[in-house]
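The sequence and the structure come first, and the description follows.

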Amino acid sequence: MWYYNATIIKTPKSLTVNGVTYPPAVFRNADLLSSLGVVPYREERVDQRYYWTGALTVDTSGDEAIGTYTQTDRDVDKLKEGMLDTINSQVASKQGSIDWYWARASKGGKAVPADIQTYADTIYTEQATKESEVAALTDLAGIIEYENRAYTETRKVKHSAEDGTETYGPETDTHNREINMLQHWTANPTDEVDPAFVSLVAD
Amino acid sequence: MALLPSSAIPSASGGYTIDQSLRFNDDDDASLNKTWGSSPTEANRFTFSVWVKRGVLDSSTAQYWLLGAKSSAESNIKFYEDKLYLHLTGSNYDFITDAVFRDTSAWYHIVVTYDSDDGTPADRCKIYVNGVRQSLSTSTTIPSGTDNEFTKNGTECWIGSHDASNFHFDGYMADVYLIDGTAYDADDFGEEGDYGEWKPKEVTGLTYGTNGFYLDFSNTAIKHDITASGDAQHSTSENKIGSSSLYFDGSGDYLTVPNHEDLWFSSGNGTIEFWFLDPSVNTAVNNKGVFTTEAGTGSTSFDVQYDSGFTFRLRTTGGTNEDNYVTDPSDDTWTHYALVLNNGVAKLYVDGTLENTYSNDYSDGLYHTTDDLRIGRSGSNHDYWNGYLDEIRISNNARYTTTFTPSTTAFTDDDNTLLLIHSNTSDGSTTFTDSSGVEGNLGNDQSGEDNHFTPNNLTASDQMLDSPTNNFCTFNPIGKLHDSYTSGTMSEGNLKTHLSSPDAENFGTMAQSTGKWYWEVYTAVSGAIPIIATFDLKTHKGGSSTRSYISVSGGTPTVYDNGSESTAAPSTPSHSATDVLGVALDLDNGALYTSINGTWSNSGDPTSGASKTGATVTSSVHTRLASGVGEWTPAYMDGSGNDYGIILNCGQDSSFAGNKTSQGNQDGNEIGDFYYTPPTDFLALCTSNLPDPAVIPSEHFNTVLWGGNSSTQSITGVGFQPDLTWIKQRNSTQWHQLTDSVRGTSSQLNTNDIAAQDTATDKITSFDSDGFSLDSHEGVNDSGDTYVGWNWLAGNATLGTGSFTQGDIASTCSRNVDAGFSIVKYSGTSSTGTIGHGLSKAPEMIIVKRYTATDDWAVYHSGNTSAPETEFLKLNETNATADDTNWNDTAPTSSVFSVNTYGAMNTTGSDYIAYCFHSVDGYSKVGSYTGNGNADGTFVYTGFRPAYVLIKRSNSAGQGAPIFDSARDEYNMTVKRLNSNDSVAELTTDGNIDLLSNGFKARNTDGSVNTSGGEYIYLAFAETPFKHSNAR
């Protein structure tokens, strides 16, 4: 991105300076851009999940222009409403994907497998837990932490043989991850097993 | 690198283009707003025009407001239940389209007009979509003289929402107009293109009105351009305020400010002021211009010239009354001059002291021509001045009405400032800018009415290259395949997606078979790993059904080739969070390359062509990568269930929704915004880069409708002389009537029956240059009945056996090679053999009818099972496909198709007609799909906006072959079906579909189009190729 004459230029376009119009390719020539008074531009990012983005201020004092938006905290209660909606939709999706086990059983088919029954119960339990946790949140910082909780994940390193065979480990890698607790649920026992997974632990 | 001014560069394309749009992400509560501070020009008339590309559709209960008036009445224009609503001044005034608009792959043009004084009450509110006036449901009419709320003084006007918190629009908007006081028509904003599409045009001559505006989202500042000529520059040799001043050396130096009405002071009020230093080196030469608004030899409005004295000269608006005042500044001394117009009285202040009051009346402002304002040069004899100026300010008010002390600090910009030039920079700088006006802003009004909007939760990264004149590939939220598919959660203009289950997947709105394409992928999830995927939409059925894709996430890519997994691809390096992954898909040579942060994996070289150096996957691993075989589109899937989510960039946003700083790298056509430079010859997936279709669809296929008259009549409007016309009475039971130029006009066949051809002379009597002529037969022209005719162009001439490649069995044909259609006639031999079809490629669908005797309509279709040459379908029956040797178990070739001795296809003593089709990009498609048994049905990509679709379930009996078209159903949902296998009247209850800009989608679970697990074949022809199509 670039800045010229109080205008943010996101993508190359024809540029008129001193009555001369330059083609978009001018943006591939940093020296020429500089001589024309066009400077690189970047913005300080606002996480719009949590803040209202308002007016823009551009600092042109340095070699690059830096845009900063005013940011205002979003309403905590409204965010919590959205979080509860997310929990409910997650539960609906997860329970919906296994409802057919009960439909089959009710029509005289196979009984619901024990692991599926346990999974269904667990999801409801986790739903109640998450709803309580969300209800207990009182400020924006708490919401941000809940949706971006720090975890460490350990995964086995994947090895690929020349014949295409893949094996995992014994070496492992660890990664820092930020987990949205609204999306973090016990896995469905029928899900494909992730062969590289070792552990995921809250920091 | 040498750069030429753009005047030396040929224009890339003709016509008006829209360079950008604004992305509204409803998750961010994005919107723009302002509060009207003036009464409207006319409250009983307005026009709203906007181009819209929809994002997520969410639930049917969500409202997506395009324009809102936040008042007690809360007027709005919105999408609700996928229909367009105009809600006016209270609950009694709702105008709702009958059509639904849920095509997320292309752009709609929406125009709403309001004129409560229109003498025809039904015309007081109109909604146009893509230039077509919509049928509206309403319970009332607007009373004459009713004011609208959108332009009402004191009302909050919102674009993209109801207010800060509710009913946010999701998607893209471009070229937004609100006209206060005039009800314009759609064709004031758009026009029909060469392919029948509706496209934007340059809007001129509009009167915006007091509360009108035009938002182009260009983010440009609204300021005067200042052009420096000669060696005009900033100099630190002299300075009054700041470190420098403007210096003119008297030899070709001057500044130009384009003529603008602001500078005329037509209200009789204004101020021109500056600091002035006259060097002692100046000699008394006539007319050395310091400040002038006249470039030639005509009369000036205002000029300051250095002569033996310093002359301030004014003219009144008539141009004849000239006032001169001569002063004599001291050499080498900074002096402040201020010319002030106060209610028509002009006064000159020098260093804050009134020095002259001009005698003429300037109540109507200064005389003006069309000449620009020049600083440092006179107009009449082009003499240049040698000296210094500092702090030039022009204002639209009388800043000084009495003696004052001139500011010795930088002049300030305020609401009255029209032009402000500071000088406080390095010696020799040639950059001159207007420090007044409006800073760059996404909500800037470009109409000249200064009705600027405030952006809310929008940033510079939301300005997008996706536009009505260059539509970019995104993920497709209605791109649903088989029944285990569950859609992801999309946002950021359908570029960001998260999945909701391990089997979920999302794919793009554009798919390609040939060419070289580049796109990028990024994940915004910290600690997560982005994934590259691409699907072959011809064979991929979704989820755990038949898989046909390539997925790369570090290590060995996952490759499924039409259901078969391959592990032969080389391993790729690991990548990690915030990496930008690149994909170069070479469908000319059959190779896919991947990169991490601009470095190609495995030392890949996407420009290596046939050698495929370092390719991640080649056509030897996934056979459908070969040129012209698959139909590839960007995709996202994550079988692990981790659902990291990705953000796609097909060249419309290298900021990845603000997560990175846009880098602005373009493809070889100077299109796109990529984070890294695309490899040479690899292009962005956007309509400007799509190839032009081989044919203009409407010149090769067209549908016409008419009412019968039980007499004779000529049906026109086909646009060409048809070679095959297929007629069906719509409103009651009548047989289908197929007439072709090879058999002749008095020879009709009926797809609903096995009968031999009817040689009646009272049906089609001639094929004409723009249609055909009818006699009075009730099957084609019965008074009081309605009819549809589908028409194809072949060759308008029948070629003999020496004119094209023959098979074992002699044939004649009329052919349209470019359009992939031929009509072939042959006589049966009762010997297995081949028949020349006259086309350049193998037909994908062949319909054969023994027309001299009763027999079935035999159908070969390339999508009918994995071995279609061993299968046999009947167009006249509801049978499922049967394993049969009728096609001699031999697939058609580029010159012939094969038959055995089955009576429906090859018996001695019988004559046969064969209609042969193959797909032509952007015009026709012979394909297949699998039903999902869901009202949110299977999406079928055709690469064009269909005009005609024939569907036939192939894997189970009991279903007819419905035909849909865009002439009988001008909008979605498309419900009017005629079954080729029966003679009943048009049905509207079952088998509903949406015709879309790039394909079609089943919208219910009827067995004829969308049973779960049902295999369907189809034949489709285009209304508009996707390169040009509007959303439907």
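## Charges in chain B

In counting charges, Lys and Arg are taken as positive and Asp and Glu as negative, while His and the chain ends are left out. Each charge is placed at NZ of Lys, CZ of Arg, CG of Asp or CD of Glu. On this basis chain B carries 55 positive and 127 negative side chains, and the centres of the two sets are 7 Å apart.

## Basis of the model

The model is predicted: local features need pLDDT of at least 70, side-chain atom pairs count only at pLDDT 80 or more, and totals for chains, interfaces and linings use all residues. Residues are numbered from 1 along each chain as its sequence is written, chains are lettered from A and ligands numbered from 1 in the order in which they are written, and side-chain values use heavy atoms, with hydrogens and water left out.

## Chain B as a whole

Chain B contains one helix and 72 strands; helices (H or I, at least four residues) and strands (E, at least two) are DSSP runs numbered from the N terminus. The C-alpha trace of chain B spans about 115 × 70 × 60 Å along its principal axes.

Of the 1032 residues in chain B, 62% are buried. Buried means under 20% relative accessible area, exposed means over 50%, and partly exposed lies in between (1.4 Å probe, protein chains only). The accessible surface of chain B is about 32,600 Å², with 41% belonging to carbon and sulfur atoms; such areas come from the Shrake-Rupley method with a 1.4 Å probe, and for residues only the protein chains shown count as cover. A contact means heavy atoms within 4.5 Å. Among contacts in chain B between residues at least 6 apart in sequence, 67% join residues at least 24 apart.

## The interface of chains A and B

The contact between the chains involves 51 residues from chain A and 63 residues from chain B. Together the two chains bury about 4,400 Å², 45% of it on carbon and sulfur atoms. In chain A, the residues that lose the most area to chain B are Lys10(A), Asn18(A) and Gln48(A), which together make up 15% of what that side buries. Buried area here is the accessible area (1.4 Å probe) that two parts lose on being put together, summed over both.

Asn18(A) is also one of the contacts of Ile226(B), leaving aside neighbours within four places in sequence; others include Leu255(B), Leu419(B) and Phe432(B). Ile226(B) sits in the loop between strand E16 (213-215) and strand E17 (227-229) of chain B. Ile226(B) counts as buried because its relative accessibility is 7%. Its C-alpha atom is separated by 17 Å from that of Asp413(B), 187 residues away along the chain.

## Salt bridges

Side chains of opposite charge can pair when their charged atoms come close. A salt bridge is a side-chain nitrogen of Lys or Arg within 4 Å of a carboxyl oxygen of Asp or Glu. The structure holds 37 salt bridges over all chains, and two salt bridges are found across the interface of chain A and chain B. Lys10(A) pairs with Asp653(B), the closest N and O atoms being 2.9 Å apart.

Within chain B, Lys763(B) and Asp758(B) form a salt bridge at 2.6 Å, N to O. Lys763(B) is buried at 3% relative accessibility, whereas Asp758(B) is partly exposed at 30%. Salt bridges with shared partners also join Lys10(A), Arg23(B), Asp462(B), Glu492(B) and Asp653(B) into one network.

## Backbone features

Most residues other than glycine have a negative phi, and most peptide bonds are trans. The peptide bond from Gly169(A) to Pro170(A) is cis, with omega near 5°, and Pro170(A) lies in strand E9 (residues 166-179) of chain A. Another cis peptide bond joins Asn972(B) and Met973(B), with omega about 5°. Met973(B) is in the loop between strand E68 (962-965) and strand E69 (978-979) of chain B.

Phe656(B) has a phi near 50°, a positive value in a residue other than glycine. Phe656(B) lies in the loop between strand E47 (646-649) and strand E48 (701-707) of chain B, and is buried, with a relative accessible area of 0%. Ser710(B), also not a glycine, has a positive phi of about 55°. Ser710(B) counts as partly exposed because its relative accessibility is 35%.
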